[in-house]
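Okay, thanks for coming, everyone. I'd like to talk about charged side chains today, so let me put the sequence and model up.

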Amino acid sequence: MTIERRQIGQRMSRIVKHNGTLYLCGQVCKDATQDITEQSRTMLEKVDELLLEAGSSREHILSATIYLKTMADFAAMNAVWDAWVPEGHAPARACVEAAMARPELLVEISVIAAER
């Protein structure tokens, strides 16, 4: 049983691979001063970058858990999500309202994907 960890930090690895499955740590936006649309867009850009590094793509996402600071942002986040997910490749997904690590963060995502 091989476990590969990439971008290892003190508290977490950004990518963990095990038996052809990829686990990404929670991803947030690139600029927390932006609105929910931009925070969602750049958060998903970061997911794309990690998936590419790990040998996967958004077509291979198995599951996603999205955390919103407020459900008032649900429709705006979904507009970005719906444009990002390739047609016919929607993963299993949960979306919950949650307290964020920093008050300016509006959205975070955790992803599990298969290798290509």
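Quick housekeeping. This is a predicted model, where local features need pLDDT of at least 70, side-chain atom pairs count only at pLDDT 80 or more, and totals for chains, interfaces and linings use all residues. Numbering runs from 1 along each chain as its sequence is written, and side-chain values use heavy atoms, with hydrogens and water left out.

Back to Arg-102: its side chain meets that of Glu-104 in a salt bridge, 2.8 Å from N to O. By salt bridge I mean a Lys or Arg side-chain nitrogen within 4 Å of an Asp or Glu carboxyl oxygen. Glu-104 is partly exposed too, at 35%.

In total we've got nine salt bridges. One of them pairs Lys-30 with Glu-45 at 3.0 Å, N to O. Lys-30 sits in the loop between strand S3 (21–27) and helix H1 (36–54), while Glu-45 is in H1, so the bridge ties together parts 15 residues apart in sequence. Helices (H or I, at least four residues) and strands (E, at least two) are DSSP runs, numbered from the N terminus.

Lys-30 also bridges to Glu-49, at 3.3 Å, N to O. That pair is 19 residues apart, with Glu-49 in H1. On accessibility, Lys-30 is at 47% and Glu-49 at 46%.

Notes: Buried < 20%, exposed > 50% of the residue type's maximum accessible area, 1.4 Å probe, protein only.
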